[in-house]
Amino acid sequence: MSTRSSLVRMADLTAGDVGRILDTADRFASVMDRDIKKVPTLRGRTVVNLFLEPSTRTSTSFELAAKRLSADVVSIKGQGTSMDKGETLKDTILTLEAYEPDVFVIRHPQVGACAMAGRYTDAAVVNAGDGTGEHPTQALLDVFTVQQEVGSLDGMHVAIVGDVLHSRVGIQAFRMMGARVTVVAPPTLVPRHLAEALGVEVSADIRDIADADIVYVLRMQVERMGAGGFVPSLEEYARMYQVNHARLGPGQRVMHAGPVNRGVEISGEVVDDPGSLIEAQAANGLVVRMAVLYDVLTEAAGEPGEDEGGVLLEAA
Amino acid sequence: MSTVAPNPRVRLPQRPGEPANLVIRGARILDPAAGIDRVGDLVVRDGLIGGDPEDLEVIDGTGLTVMPGIVDVHVHLRTPGKEHAEDIATGTASAAAGGVVAVLAMPNTQPPTDNPSILGSLLERASREAVVPTGFIPAITVGQQGESLTEHGDLAEAGAAALSDDGVPVGSALVMRRALQYQRATGLLFTLHEEDMSLSGTGVMHEGTVSARIGLAGIPGVSEAVQVARDCALAGYEDGRIHICHVSARETVDEIRRAKERGVQVTAEVTPHHLLLTEDAVGDDPDPARFKMNPPLRSEDDRQALIEALVDGTLDCIATDHAPHPGDEKENPFAEAPFGVIGLETAFAACHTELVLTGRLGLEDLIMRMSTTPAQVFGLPAPTLADGATASLAVVDLAATDRVGERPYASKSSNAAFEGMDLTGRIVMTLAGGQDVYRRDA
């Protein structure tokens, strides 16, 4: 059983935890302005990135985050294992335990895989996305981005548009930080009981994004939308639910976790609009993941707070 | 309730053994179907109830209750093909440890039990290995593929107890209709795993608030209900008899209730785990795969509907769906772990704790639902404590509590959803088919 402070589910964090992690991210952000963008904070620590599902931006930003913190990093990529295909996740974890890692960063196609992995290791486990389950570092960087670029989420109205059936990223985090959340989507792409499960409003009408401060657009997973799929066609989806300038009012800020399908869930003009937060999200991924790695390795060990001008930001 | 007279063709072989000879002194002797409820001695001589107590081993029954043994019409013995999970000897030893005196095994083996030859070999093995009388339920369709009927007539002749494609539904309404027409020639009951696979899709747990919160794909309650509605309509139209396996959803209870009201010959079972547990177990546990089964644990509202339906008789009986899986197959992410939990050893204590001790169901009613009624529904000899009957009984300490999992399981597998729970109602001794098959160590 993992003895470290892991980050597997947003529900494991309090609003105070979120604030602490994002404060750390803010301080790391200042390092990114330096010539030498590396600090010795996690020197001697070992981070294993275990990505058992294709992912470019998350794996890259975790790897770079660990390197910027001077940790030793091993990155392993592969397909999610299953019983039929050979080694199980349990055995993969037990094998990698031989290297005595301090952190496992795990991406896996199955819900609950990271929680399960935590049962077989003493290392901290950071969930880098478990299928249709959770993606807490994405949720944290979304919160960070709004706080940096717009302001406090407390009392803000966030509209989440699109396929919440396959991606509920961010809903819990936005709710935790005090935002009102409205999900706008075709009813076939909304889990039954979502409203009561997560405390959100649900609408099938795109006009209900009108009074949102933030419009968060979810990627349509086009491969899931074929014959007998969730919507009759991507063209109809675009006509009914695409977030474009005609549907946005002044001051509404647009987010998207990427990769975007231009012309499907979001228009190209909105992606390229300098007012959108999409670029900021991508940039913030690095510092937020640095902060998460720092947090799981220091919080449980009782070493927080030594960073005020000290180890945290000391030049390497 | 739709029941039949005992079917003399059903074979329930048991391994050979010495007939029991003993007298249980000073126990409560309780057999509601026979109208027996007294405190006193129960003699078993040469495996039969009654007779002369002289020279018999004396069992001190003070504070204990003797009742007809449990009949479990839905178990998986994993033979042939998955003997690493369970075999006939261990599965029936697990039954004996749970006060179960007869089991019926489902056909989703490897290969499926779908022809008289496999059935014959299983009956032969059971006659050497089965600790308690064991019957078999061959497949309705060849390979459980849902396309063509197995040889129902030959299977009936060879001793099949009923027919089922359990594990999967009979997908085609036409095939189900043909089976019901053909039932008039064979008399074999169909015991149906009900699920519309197009609605279940890739689901792995109940579609409800927990699945919405944690992101696992859901199996809606209506997946079960629409298939039950279809089969009740077909059974009514063809005047056939069907039994619904492991009912899990309120919507299904409603369908069965309405079908019974209009005279359809339908009976139904419910499992202890659906009576005790809900979807919350999946959301809250660090090792949720031990709560993964099909149909899934549903909402508290569904659970209450099941209890109400068991009390009012809409659900006729309790069966375990004992489904052993080795631990290393369950040690996988939830979606990849196999469906199923074991249940033979804990069924009585679980239901006694949840239903009787809470006052929802009388002890007499629980005995009927676990012993007499399932036997009658399947046309099996019902265990009874009446004089002259073959001793198939359980001796129970209704006041004793055990924590599930503290003692090793008799089953080869340990995938128990009740693990760690304190359950009251300890099986102390089991006689099955006239043999002394289980005594609990001190």
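Biologist: Which residues in helix 7 of chain B meet helix 4 of chain B?

Modeller: The model is a predicted one, and in it helix 4 (residues 173-186) and helix 7 (residues 221-238) of chain B pack with their axes 10 Å apart, at an angle of about 35 degrees. Helix 4 of chain B brings B:Ala173, B:Met176, B:Arg177, B:Leu180 and B:Gln181 to this contact, and the residues they meet in helix 7 of chain B are B:Arg230, B:Asp231, B:Leu234, B:Ala235 and B:Glu238.

Biologist: How many residues of that contact between helix 4 and helix 7 of chain B are charged?

Modeller: The crossing of these two helices of chain B is right-handed. By class, the residues of their contact comprise five nonpolar and one polar, and the number that are charged is four.

Biologist: Which residues does B:Leu104 touch, leaving aside those up to four places away in sequence?

Modeller: B:Leu104 belongs to the largest nonpolar core, of 142 residues, and is one of the members that touch the most others, along with B:Val66, B:Ala96, B:Val132, B:Ala160 and B:Ala162. With those sequence neighbours set aside, the residues touched by B:Leu104 are B:Val73, B:His74, B:Val75, B:Gly135, B:Phe136, B:Ile137, B:Ala161, B:Ala162 and B:Phe378.

Biologist: Which element gives the most to the side of chain A that touches chain B?

Modeller: The contact between the chains takes 23 residues from chain A and 18 residues from chain B. On the chain A side, the elements that give two or more residues are helix 3 (89-96), helix 4 (113-117) and helix 7 (194-198). With four residues, the element that gives the most is helix 7 of chain A.

Notes
Residues are numbered from 1 along each chain as its sequence is written. Chains are lettered from A and ligands numbered from 1 in the order in which they are written. This is a predicted model: local features need pLDDT of at least 70, side-chain atom pairs count only at pLDDT 80 or more; totals for chains, interfaces and linings use all residues. Axes are lines fitted to C-alpha atoms, for helices over the stretch in contact, and angles run from 0 to 180 degrees between N-to-C directions. A crossing is left-handed if the near helix is turned anticlockwise from the far one by less than a right angle, and right-handed if clockwise. Two residues are in contact if their C-beta atoms, placed from the backbone, lie within 7 Å. Ala, Val, Leu, Ile, Met, Phe, Trp, Tyr, Cys and Pro count as nonpolar, Asp, Glu, Lys and Arg as charged, and the others, Gly among them, as polar. A nonpolar core is a set of buried Ala, Val, Leu, Ile, Met, Phe, Trp, Tyr and Cys residues joined through C-beta atoms within 7 Å. A residue is buried if 20 or more other C-beta atoms lie within 10 Å of its own, exposed if 12 or fewer, and partly exposed in between; C-beta atoms are placed from the backbone.
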